Amino acid sequence: MTSAKPQILIIEPFFGGSHKQLIDTLVECLNLADYEIFSLPAKKWHWRARTSALYFSQLIPPEHDYKVLFTSSVLNLAELIGVRPDLVSCRKIVYFHENQLVYPVREVKERDCQYGLNEILTCLAADVVLFNSNFNRMSFLDNVQPFLNIQPDFKLKHIRERIEKKCEVLYFPIKFHAFPNKRHMMDAELSTAEPHCLHLIWPHRWEHDKNPKLLVEVLMELNKRQVDFKVTICGESYQATPEAFDGIQQKLGAKLINFGHLTREEYIKALLTGDIVISTAGHEFYGVAMLEATYCGCYPIAPNKLVYPEIYPKENLYNTSNSLIKMLYNWCRNPDIFRRHRDKFFDYFNFERYSAQHLVPKYMEKMRITV
């Protein structure tokens with residue numbers, strides 16, 4: 001008697017960061033026999049986007065019982081289906097963690113149009129297209145036609161309409177239950193965890209799209225104004241340290257209590273002792289690190305653009321670097337008033353809509369699986 005073959009095919013060409021986090025979260029609700037994962041390590045992103053379809057076409061077994069294909073937008077689904085027509089009958093679900101139509105580049109001439117075209121073709125080949133935020137969905141759809149208009153000698157029309165009817169928003173599921181929560185800690189623990197001066201946290205990737213230059217500008221101005229604060233700059237660093245960070249350890253001295261990537265245990269400890277989590281991002285389609293830090297008890301401050309107005313109240317958003325400096329300066333001068341204000345924020349902010357416990361059943365429903 002032969003055992004049943006998996007019915008869910010999961011493909012992730014960039015198996016790291018939030019891409020890996022999503023899959024790990026989803027498969028926790030599945031039986032091992034229900035699914036099969038094909039993946040590549042999270043590096044050489046551009047090559048993954050161009051060649052992974054061909055790679056996986058050779059790896060996925062020709063004899064199978066797959067009913068559902070779940071992948072991220074890094075995969076060119078149209079290419080995979082073209083060379084593996086046996087997968088056409090699967091319910092094909094694509095998840096967009098970001099989109100290449102508006103992903104920031106240092107210079108416009110650096111934008112390679114093939115990656116945006118990959119995503120458009122992938123949407124056309126898919127049955128369901130999921131975005132991690134409405135900002136991600138609308139920024140993609142609104143730019144389909146302008147992007148296609150770059151094509152110089154004929155016009156491609158009605159593509160947006162064909163894609164839009166497949167599109168839905170399904171927030172990224174965060175496992176809040178795996179994090180401790182400062183607001184649920186004992187008063188005795190809090191008294192040692194909260195010194196008088198405010199602890200600022202910047203937990204983002206050390207890359208240009210997270211705008212470390214703005215962070216440094218703000219910290220230097222606060223330092224110049226001689227207000228008391230301490231700061232943790234953590235997050236992943238893939239290449240060289242950003243130029244903006246040159247000399248920051250010397251300039252901030254003892255105020256910079258951590259500079260560099262933290263282990264998970266250290267990261268959680270930092271979040272629990274943090275007061276404010278700051279985003280300076282020039283690009284953000286969701287912001288897992290911001291929500292994790294907020295859940296742990298940090299008050300979020302973010303730009304009044306991108307995905308942030310979708311998630312945070314208006315009073316948590318800033319429009320200019322000056323307004324960010326002013327906000328932080330006032331809070332750092334009055335930490336007790338700030339903490340009372342922060343407590344009020346947590347009285348009404350709703351984490352459930354971003355939680356794995358709330359969202360994972362919705363993913364299973366999209367796959368038409370009951371758990």
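## Buried strands and aromatic pairs

Val-277 is buried, at 0% relative accessibility. Buried here means under 20% relative accessible area; exposed is over 50%, and partly exposed lies in between (1.4 Å probe, protein chains only). The model is predicted: local features need pLDDT of at least 70, side-chain atom pairs count only at pLDDT 80 or more, and totals for chains, interfaces and linings use all residues. Residues are numbered from 1 along each chain as its sequence is written, and side-chain values use heavy atoms, with hydrogens and water left out.

Val-277 belongs to strand 10. Helices (H or I, at least four residues) and strands (E, at least two) are DSSP runs, numbered from the N terminus. Beyond its neighbours within four places in sequence, Val-277 contacts Ile-201, Pro-203, Met-290, Ala-293, Thr-294, Cys-298, Tyr-299, Pro-300 and Ile-301. Contact means heavy atoms within 4.5 Å. Asp-209 is 68 residues from Val-277 in sequence, and their C-alpha atoms are 17 Å apart.

Next, strand 8. Strand 8 pairs with strand 7 (residues 198-202) in the parallel sense, over 5 bridges. Two strands pair if DSSP finds at least two bridges between them. Leu-198 stands opposite Phe-229. Strand 9 (residues 256-259) also runs parallel to strand 8, joined by 3 bridges. There, Leu-256 is the bridge partner of Val-231.

Strand 7, helix 8 (residues 212-224) and strand 8 form a right-handed β-α-β unit. A crossover is right-handed if, with the strands pointing away from the viewer, the path from the first strand over the helix to the second runs clockwise.

Now the rings. The structure holds 29 aromatic pairs. Rings of Phe, Tyr and Trp (its six-membered ring) pair if their centres lie within 6.5 Å; planes under 30 degrees apart count as stacked, over 60 as edge-to-face and the rest as tilted. Tyr-171 and Tyr-286 have their planes at 40 degrees, so this pair is tilted. The two residues are 115 residues apart. Tyr-171 sits in the loop between strand 6 (167-169) and helix 7 (187-193), and Tyr-286 in the loop between strand 10 (276-278) and helix 11 (288-295). Tyr-171 is buried, at 11% relative accessible area. Tyr-286 is buried too, at 3%.

Tyr-295 and Phe-351 make an edge-to-face pair. Tyr-295 is in helix 11, while Phe-351 is in the loop between helix 14 (335-348) and helix 15 (356-366), 56 residues apart. Tyr-295 is buried at 14% relative accessible area, and Phe-351 is buried at 11%.

| Aromatic pair | Centre to centre | Angle between planes |
|---|---|---|
| Tyr-171 and Tyr-286 | 6.0 Å | 40 degrees |
| Tyr-295 and Phe-351 | 5.2 Å | 90 degrees |

Charges also sit over rings. The criterion is NZ of Lys or CZ of Arg within 6 Å of the ring centre and within 35 degrees of the ring normal. Arg-225 lies over the face of Tyr-329, 5.0 Å from the ring centre. Arg-264 has its charged end over the ring of Phe-179, 4.6 Å from the centre.

Finally, Ser-57. Ser-57 lies in helix 2 (residues 45-59) and is buried, at 11% relative accessibility. Its side chain reaches the backbone oxygen of Leu-54 at 2.6 Å. Leaving out residues up to four places away in sequence, Ser-57 touches Leu-80, Val-83 and Arg-84.

Notes: Polar contact = N/O pair within 3.5 Å; in protein donor to acceptor, adjacent residues only side chain to side chain.
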